[in-house]
Amino acid sequence: SASEMQEVVEGIIEKLDKSMKQNKLHGSLLQVKHGLSKCPDLAVVSRKLMKKHWLLTDNNCPFTAALYVQILSKVVSPSETSPELSTLINKAMSLLKSSPNSGPMYTLKEACASFIMSIQCSDLVET
């Protein structure tokens, strides 16, 4: 059921830890991404994910960081305001300005640009 999937996704997020190997982190994030479509309350998922902002700010694998940011783009509400979101936006902006435009960092930069657009362009689309 949807509520069971919500619990599974939230449980996976809770277990994300800096001590995990990159392939385990990446696999866990893929499970979260897959389960999102069946989660009834994305706001809760969003808050829990934003608390794991080290996946972007303190992660040496650009592919895992990019996957994390791609998931955030799907779940973070444009009306969200939190210290974690500010941290994420600041890190995404600094990556856009300083990272090379090739290789694995390009994937991360592309994800960061989409994330920032999904948050900041929403102001232009209000009805």
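Colleague: At roughly what angle do the axes of helix 1 and helix 2 cross, and within what distance do they come?

Modeller: The general idea rests on two terms. Helices (H or I, at least four residues) and strands (E, at least two) are DSSP runs, numbered from the N terminus. Axes are lines fitted to C-alpha atoms, for helices over the stretch in contact, and angles run from 0 to 180 degrees between N-to-C directions. In this structure, helix 1 (residues 2-15) and helix 2 (residues 22-35) have axes that cross at roughly 155° and come within 9 Å. Helix 1 is therefore roughly antiparallel to helix 2; angles under 35 degrees count as roughly parallel, over 145 as roughly antiparallel, 65 to 115 as roughly perpendicular and the rest as oblique.

Colleague: Before continuing, on what kind of model do these values rest?

Modeller: The model is predicted, with local features needing pLDDT of at least 70 and side-chain atom pairs counting only at pLDDT 80 or more, while totals for chains, interfaces and linings use all residues. Residues are numbered from 1 along each chain as its sequence is written, and side-chain values use heavy atoms, with hydrogens and water left out.

Colleague: What is the handedness of the crossing of helix 1 and helix 2?

Modeller: A crossing is left-handed if the near helix is turned anticlockwise from the far one by less than a right angle, and right-handed if clockwise. The crossing of helix 1 and helix 2 is left-handed.

Colleague: Which residues of these two helices meet?

Modeller: Contact means heavy atoms within 4.5 Å. From helix 1, Met5, Val9, Ile12 and Ile13 meet Ser28, Gln31, Val32 and Gly35 of helix 2. By class, this contact of helix 1 with helix 2 has five nonpolar, three polar and no charged residues. Here Ala, Val, Leu, Ile, Met, Phe, Trp, Tyr, Cys and Pro count as nonpolar, Asp, Glu, Lys and Arg as charged, and the others, Gly among them, as polar.

Colleague: Is Val75 buried or exposed?

Modeller: Buried means under 20% relative accessible area, exposed over 50%, partly exposed in between (1.4 Å probe, protein chains only). Val75, in helix 5, is buried, with a relative accessible area of 7%. Leaving aside its neighbours within four places in sequence, Val75 is in contact with Leu36, Leu42, Val45, Ser46 and Leu49. Val75 and Ala43 are 32 residues apart in sequence, and their C-alpha atoms are 6.9 Å apart in space.

Colleague: How do helix 6 and helix 7 cross, and at roughly what angle?

Modeller: The axes of helix 6 (residues 83-98) and helix 7 (residues 104-120) cross at roughly 130° and come within 9 Å. That makes helix 6 oblique to helix 7. Helix 6 passes helix 7 in a left-handed crossing. Among the residues that make the contact are Leu85, Leu88 and Ile89 of helix 6 and Cys112, Ala113 and Phe115 of helix 7. By class, the contact has 14 nonpolar, one polar and one charged residues.

Colleague: How accessible are Leu85 and Ala113, taken in turn?

Modeller: Leu85 of helix 6 is buried, with a relative accessible area of 4%. Apart from neighbours within four places in sequence, Leu85 is in contact with Met50, Val76, Glu80, Phe115 and Ile119. Ala113 lies in helix 7 and is partly exposed, with a relative accessible area of 29%.

Colleague: How many disulfides does a search of the whole structure find?

Modeller: A disulfide is a pair of cysteine sulfur atoms within 2.5 Å. The search of the whole structure finds zero disulfides.
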